[in-house]
Amino acid sequence: SPWKPLLLLLSPSAFSTSCARCAKDRRRREKRAISERQLTRYFVDQRKVRVVGGQGGGGGHSFHSEPRKVFGGPDGGNGGDGGHVIFKADQQMKSLSSVFPFYQGFHGGRGGSKNCYGANGAHVYVKVPLGTLVKEDGRVVADLTQHGEEYIAAYGGAGGKGNRFFLSNENRAPTLFTPGEPGQERVLHLELKTTAHAGLVGFPNAGKSSLLRAISRAKPAVAAYPFTTLNPHVGIVHYQDYEQVAVADIPGLIKGAHQNRGLGTAFLKHIERCHFLLYVVDLSVPQPWIQLQDLKYELEAYEKGLSERPCVVVGNKMDLAQSRINLLLLRERVAERVIALSALTGDNLEELLLHLRELYDTYVKTEQSRGQSPAKW
């Protein structure tokens with residue numbers, strides 16, 4: 001056929017610029033699952049940041065001169081102000097891992113002739129997660145809990161004055177002009193306290209991560225060894241009326257956690273922002289009510305009144321034989337409501353979700369009666 005050479009010319013192989021062995025694979029590669037230890041690199045709840053405001057621009061020094069107006073007088077404009085460094089709370093941010101150790105605002109422009117002012121330096125905005133505490137020398141200077149809330153970490157320096165500023169009746173030809181002021185310099189400590197409606201509190205291997213995976217789309221690592229979870233995970237429970245309840249999986253506590261044992265106080269602080277608590281107890285161990293007593297003691301020793309928040313006791317691992325006997329004994333010795341379930345098989349999760357919504361509705365009504373807006377996700 002006379003068209004065969006043309007078809008061969010228009011074939012894809014005719015446009016190839018490299019051999020098949022060297023060609024890049026353009027197929028979309030699947031994302032590999034990140035292990036819990038790798039996730040700790042991305043979840044950072046403490047940061048030391050040095051912030052410096054932008055330097056102000058220097059004042060201008062010039063004299064106006066044009067034909068028939070040789071002595072036009074001084075016309076040096078003022079310099080622009082330096083930019084601030086501003087921390088801004090953003091609900092899309094979940095960790096301080098994206099915060100760099102140093103920020104500086106942009107410098108202001110120098111004043112020009114013809115009374116032209118220098119441009120102000122642009123502000124530098126640093127996005128931080130909700131619940132970020134800003135500390136200086138151990139003192140809290142800001143608490144960013146609302147979306148869009150801002151805190152000026154370092155002020156930019158004021159711009160210098162041009163020689164036009166110093167014009168007076170006594171001095172008709174001033175030559176004085178001032179440089180811009182340096183920006184404010186501070187060293188701040190950022191500390192993240194996870195903001196969630198409910199907190200899952202329990203000892204290692206009580207099944208908190210499995211429970212969070214069962215009631216939400218969060219995917220914390222699950223394994224049969226202590227301290228599988230090394231950083232808090234937040235899962236969102238969705239309801240049919242489009243309400244969303246945030247549940248935080250706090251890493252496992254041990255006896256003496258308030259004395260910085262085990263994971264220590266590094267994650268006890270995340271419970272402070274939870275409005276109600278879910279005590280997860282392993283029903284398969286002997287005397288599970290002792291776990292609840294130890295958990296309340298650790299919370300109360302860390303912060304007085306923390307164990308008195310609205311709560312419910314979740315008896316997990318009901319799929320095991322010994323759990324049914326321990327459930328009866330637990331309900332006899334505990335005054336709080338006990339919800340028995342199995343995070344592995346999904347048995348009786350509906351009761352927990354309904355009671356979780358009751359706790360959330362009570363929290364919303366309480367905040368509205370105080371004239372405050374409840375936290376939303």
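Reader: Where does asparagine 326 lie?
Author: Asparagine 326 is part of helix H6, which covers residues 321-333; please keep in mind that this is a predicted model.

Reader: Buried or exposed, that asparagine 326?
Author: Asparagine 326 counts as buried, because its relative accessibility is 5% and the cut-off for buried is under 20%.

Reader: What is asparagine 326 in contact with, leaving aside its neighbours within four places in sequence?
Author: With those neighbours left aside, asparagine 326 has contacts to Leu283, Ser284, Val285 and Pro288. Its side chain also reaches the backbone oxygen of leucine 283, at 2.7 Å.

Reader: And how are the C-alpha atoms of asparagine 326 and glutamine 287 separated?
Author: Those two C-alpha atoms are 7.1 Å from each other, although asparagine 326 and glutamine 287 are 39 residues apart along the chain.

Reader: Changing topic, how many helices and strands does the protein chain have?
Author: There are 7 helices and 14 strands in the protein chain. Of its 377 residues, 44% count as buried, and among contacts with a separation of 6 or more, 72% come from residues 24 or more positions apart.

Reader: How many salt bridges does the structure hold?
Author: The structure holds 11 salt bridges, and one of them pairs arginine 50 with glutamate 185, whose closest N and O atoms are 2.8 Å apart. This pair links distant parts of the chain, with arginine 50 in strand E1 (residues 46-52) and glutamate 185 in strand E8 (residues 185-192), 135 residues apart.

Reader: Which salt bridge does lysine 135 form?
Author: The side chain of lysine 135 meets that of glutamate 191 in a salt bridge, at 3.1 Å from N to O. Lysine 135 belongs to strand E5 (residues 132-136) and glutamate 191 to strand E8, so this pair ties together parts that are 56 residues apart in sequence.

Reader: Why does lysine 135 count as partly exposed?
Author: Lysine 135 counts as partly exposed because its relative accessibility is 22%, whereas glutamate 191, with a relative accessible area of 15%, is buried.

Reader: What about aspartate 361, which residue does it form a salt bridge with?
Author: Aspartate 361 forms a salt bridge with arginine 357, where the closest N and O atoms are 2.9 Å apart. These two residues are separated by about one helical turn, because they are 4 residues apart in helix H7 (residues 349-369). Salt bridges that share partners join Asp241, Arg357 and Asp361 into one network.

Definitions and conventions
Residues numbered from 1 in each chain as written. Predicted model: local features only at pLDDT ≥ 70, side-chain atom pairs only at ≥ 80, totals over all residues. Heavy atoms only, no water. Buried < 20%, exposed > 50% of the residue type's maximum accessible area, 1.4 Å probe, protein only. Contact = heavy atoms within 4.5 Å. Polar contact = N/O pair within 3.5 Å; in protein donor to acceptor, adjacent residues only side chain to side chain. Salt bridge = Lys/Arg side-chain N within 4 Å of Asp/Glu carboxyl O.
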